[in-house]
Amino acid sequence: MIVTVMDYWNYIAYVEKPGIFQLFMAGPLRALVFIHTALRNELNELAEDARLVANGSGDLTALKERFDWATYALHYHAAGEDAALFPAVEAKHPGVAMTFDDDHRTDDELVASMEDFFTKTDEDGALETLAQLAERLADRASLHMDKEERLLVPFVEEHFNMEEQGAILGGMMQVFPPEFMVKGVPWVFSHLDNGLQISYATALKAAMPPEPFAMHMSNVEQRLGPDAWAPIAAAIA
Ligand SMILES: [Fe+2]
Ligand SMILES: [Fe+2]
């Protein structure tokens, strides 16, 4: 599975498979839009749920489950960038990735603080604080991902050749555990609009061997249901 994930976005895929190459003519790191979109939505929904719980009308157990998944996904996405994207940028252009790395550390502190408040939800003000922290995390992480897409990705595309960009994305993908991908791929699809769903499915088909691709698409079909799955199935037929 790990090898499959590595193969998913490596440079060879971009060179040998014209479909995916054309999809991301600006460069392979444009694929960040898929997980960024899912994370933005998930963190916004987490903040909305936390506000409901603070107002006395939400489900605390469901909130903790959503918090655990959202921050698990956020953690591995950031870990991938910490491992492969930021070091590559810093090696060539010292200081450029510093502010993005600092954002990750601040998010870590916010998540740790929320974990602490989840252990004392019966204390006065704890649920209100949790709601405020969830709103802050959603805002900060969203701004951070916007900046990565608007500033850092174009910078990398300008200063790294296509082989280097493919290696960066391949290195990021290596950090994802297989169990994350099994749940994470359908989860990403669940947060995309129809156009992005088809782009993501087309990209996966172009870059993945048939067997894991079929496994992931079966999971996506189950997650989305027949109506939402139909146009995706038609696009990858
Ligand atoms: Fe990031
Ligand atoms: Fe990111």
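This is a predicted model: local features need pLDDT of at least 70, side-chain atom pairs count only at pLDDT 80 or more; totals for chains, interfaces and linings use all residues.
Colleague: Thanks! Where is Asp116 found?

Modeller: Asp116 is in helix H6. Its C-alpha atom is separated by 9.5 Å from that of Leu130, a residue 14 places away along the chain.

Colleague: And how far apart are the ends of H6?

Modeller: The end C-alpha atoms of H6 are 31 Å apart. The helix covers residues 98–118, and at 1.5 Å a residue those 21 residues should span 30 Å, so the two values agree.

Colleague: Which residues of H6 are buried?

Modeller: Phe100, Asp107, Met114 and Phe117 are the buried ones in H6. They sit on the same side of the helix, because they cover an arc of only 90 degrees around its axis.

Colleague: Why would residues spaced out along a helix point the same way?

Modeller: An α-helix has 3.6 residues a turn, so residues three or four places apart point the same way.

Colleague: Nice. What covers the buried residues of H6?

Modeller: The cover includes helix H5 (60–92) and helix H7 (126–159).

Colleague: And which exposed residues are on the face turned away from the buried side?

Modeller: On that face of H6 you'll find Met98, Asp102, Arg105, Glu109 and Ala112, which are exposed.

Colleague: Let's zoom out. How many helices and strands does the protein chain have?

Modeller: There are 12 helices and 0 strands. Of the 237 residues in the chain, 34% are buried. If you look at contacts between residues at least 6 apart in sequence, 78% join residues at least 24 apart.

Colleague: OK, on to helix pairs. Are H4 and H7 roughly parallel or roughly antiparallel?

Modeller: Roughly antiparallel. The axes of H4 (residues 32–54) and H7 come within 8 Å and cross at roughly 165 degrees. Angles over 145 degrees count as roughly antiparallel, so this pair qualifies.

Colleague: Is that crossing left-handed or right-handed?

Modeller: H4 and H7 make a left-handed crossing.

Colleague: What about H9 and H11, at what angle do they cross?

Modeller: The axes of H9 (residues 178–190) and H11 (residues 210–224) cross at roughly 50 degrees and come within 9 Å. That makes H9 oblique to H11. This crossing is right-handed.

Colleague: Which residues make the contact?

Modeller: From H9, Val182, Val185, Pro186, Phe189 and Ser190 take part. H11 brings in His216, Asn219, Val220, Arg223 and Leu224.

Colleague: Let's stay with H11. Which of its residues are buried?

Modeller: His216, Met217 and Val220 are buried in H11. These residues are on the same side of the helix, because the arc they cover around the axis is only 100 degrees.

Colleague: What do the buried residues of H11 pack against?

Modeller: They pack against H9, helix H10 (194–207) and helix H12 (226–236).

Colleague: And which residues are exposed on the other side of H11?

Modeller: Glu211, Ala214, Ser218 and Gln222 are exposed there.

Colleague: Last one. Which residue just after H11 takes a positive phi?

Modeller: That's Gly225, with a phi of about 90 degrees.

Methods. Residues are numbered from 1 along each chain as its sequence is written. Chains are lettered from A and ligands numbered from 1 in the order in which they are written. Helices (H or I, at least four residues) and strands (E, at least two) are DSSP runs, numbered from the N terminus. The expected span of a helix is 1.5 Å times one less than its number of residues. A residue is buried if 20 or more other C-beta atoms lie within 10 Å of its own, exposed if 12 or fewer, and partly exposed in between; C-beta atoms are placed from the backbone. The arc is that of the directions from the helix axis to the C-beta atoms. Two residues are in contact if their C-beta atoms, placed from the backbone, lie within 7 Å. Axes are lines fitted to C-alpha atoms, for helices over the stretch in contact, and angles run from 0 to 180 degrees between N-to-C directions. Angles under 35 degrees count as roughly parallel, over 145 as roughly antiparallel, 65 to 115 as roughly perpendicular and the rest as oblique. A crossing is left-handed if the near helix is turned anticlockwise from the far one by less than a right angle, and right-handed if clockwise.
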